[in-house]
2 protein chains.
Amino acid sequence: MTKNETTLKPSHTIYTISDLAQRFDITTRTIRFYESEGLLSPERQGQKRLYSQRDYTTLKLILRGKRLGWSLAESGELIQMYNPAQNNQAQYQKVLERVQESRGRLQNQLNDIEVMLLELDEHENQVRAAMQKK
Amino acid sequence: MTKNETTLKPSHTIYTISDLAQRFDITTRTIRFYESEGLLSPERQGQKRLYSQRDYTTLKLILRGKRLGWSLAESGELIQMYNPAQNNQAQYQKVLERVQESRGRLQNQLNDIEVMLLELDEHENQVRAAMQKK
DNA sequence: ATTAACGTTGACGTTAACGTCAACATGGAT
DNA sequence: ATCCATGTTGACGTTAACGTCAACGTTAAT
């Protein structure tokens, strides 16, 4: 009885902590901190941590969240959504609601960005106009 | 000799600190803190602060920045860009460079958002599929 | 003249997200 | 056997962005 793999990516790749730290340009301290916050739960070989492809993906998600100003707690909720800890219909429904919430938040941010970009365009035009006048 | 107004908005409107606090749903403490950080510099009537339309706009910009995870220092640079403290060509050039930097950063964030939205779509599909199987 | 509402300036406290450092474990290369 | 690189677990320090007082000023209404 083999395990049912749900992904076709190279999912057997294993990373050490310093390996991940290099790839994402963060410190090992940061990675351990994320674990202590419940965002990661790598395997252990003795006392050493071993990170799977799923951990890699989770980290990528956390860092993307950070670039958007999301707190670790918020990214944690996202991670929960993606983790298959649900089995009944009610749980599925809750996940779908969470998905909608996240989408909403992202849409708001997208909106803010577009306003900012428009204002930058406008300002650039004004500056260029002022440069001509001189 | 009347002052040259560059905007057609109701630019004479004056706000008190608690007024702004209400409108933006923040505390007066926060507003004073932003001033201490050099992001705002309202007029004074005696010891009391009076906020102009420009201050209002600046605050809006700060809060939009916050929703995108920008630090106050970063928003401060944005504010500088919008403030007409430049007069020579070299200064104008620097402003245009800053505008480009900001645009770049916003584009990156926009990119992150789109990736996240796509992943959410994908996940929603998977969850819905799992719901059907049951 | 007194109160109430609103404002001010310190000064110290708090939380999130790590950084820094010390003391120790471990597995392989010399 | 002994380094040495890499890892581990505390414990304490740090920074940004405010919150929370305390003590005091100002002004309009009673």
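## Surface near DNA strand C

By class, 4 nonpolar, 9 polar and 5 charged residues form the surface near DNA strand C. The model described here is a predicted one. In total, 18 residues surround DNA strand C. The closest of these are Ser71(A) and Leu72(A) from chain A, together with Thr16(B), Ser18(B) and Arg49(B) from chain B.

Both protein chains supply elements to this surface. Helix 2 of chain A gives the most to the surface near DNA strand C, with 3 residues.

## Surface near DNA strand D

Around DNA strand D there are 17 residues, of which Thr16(A), Ser18(A), Arg49(A), Ser71(B) and Leu72(B) come nearest. The surface near DNA strand D is made up, by class, of 4 nonpolar, 8 polar and 5 charged residues.

From chain A, helix 1 (17-24), helix 2 (28-36) and strand 2 (48-50) each provide at least two residues of the surface near DNA strand D. From chain B, helix 2 (28-36) and helix 4 (72-82) each do likewise. The largest share, 3 residues, comes from helix 2 of chain B.

## Interface between chains A and B

At the interface of the two protein chains, 28 residues of chain A are in contact with 28 residues of chain B. On the side of chain A that touches chain B, helix 3 (53-67), helix 4 (72-82) and helix 5 (89-133) of chain A each supply at least two residues. Helix 5 of chain A gives the most to that side, with 21 residues. By class, the side of chain A that touches chain B has 17 nonpolar, 5 polar and 6 charged residues.

## Relation between the two copies

The same surface serves both copies, as 100% of the contact residues of chain A recur in chain B.

## Packing of helix 4 and helix 5 in chain A

Within chain A, helix 4 and helix 5 pack at an angle of about 140 degrees, and their axes are 10 Å apart. Helix 4 of chain A is therefore oblique to helix 5 of chain A. The crossing of helix 4 and helix 5 of chain A is left-handed.

Helix 4 of chain A makes this contact through Glu77(A), Leu78(A) and Met81(A). Helix 5 of chain A contributes Val95(A), Arg98(A), Val99(A) and Ser102(A). By class, the contact between helix 4 and helix 5 of chain A comprises 4 nonpolar, 1 polar and 2 charged residues.

How values were computed: Residues numbered from 1 in each chain as written. Chains lettered and ligands numbered in written order. Predicted model: local features only at pLDDT ≥ 70, side-chain atom pairs only at ≥ 80, totals over all residues. Near = placed C-beta within 6 Å. Helix = DSSP H or I, 4+ residues; strand = E, 2+ residues; numbered from the N terminus. Nonpolar A, V, L, I, M, F, W, Y, C, P; charged D, E, K, R; others polar. Contact = placed C-beta atoms within 7 Å. Axes fitted to C-alpha atoms, helices over the stretch in contact; angles between N-to-C directions. Parallel < 35°, antiparallel > 145°, perpendicular 65-115°, else oblique. Left-handed = near helix turned anticlockwise from the far one by under 90°.
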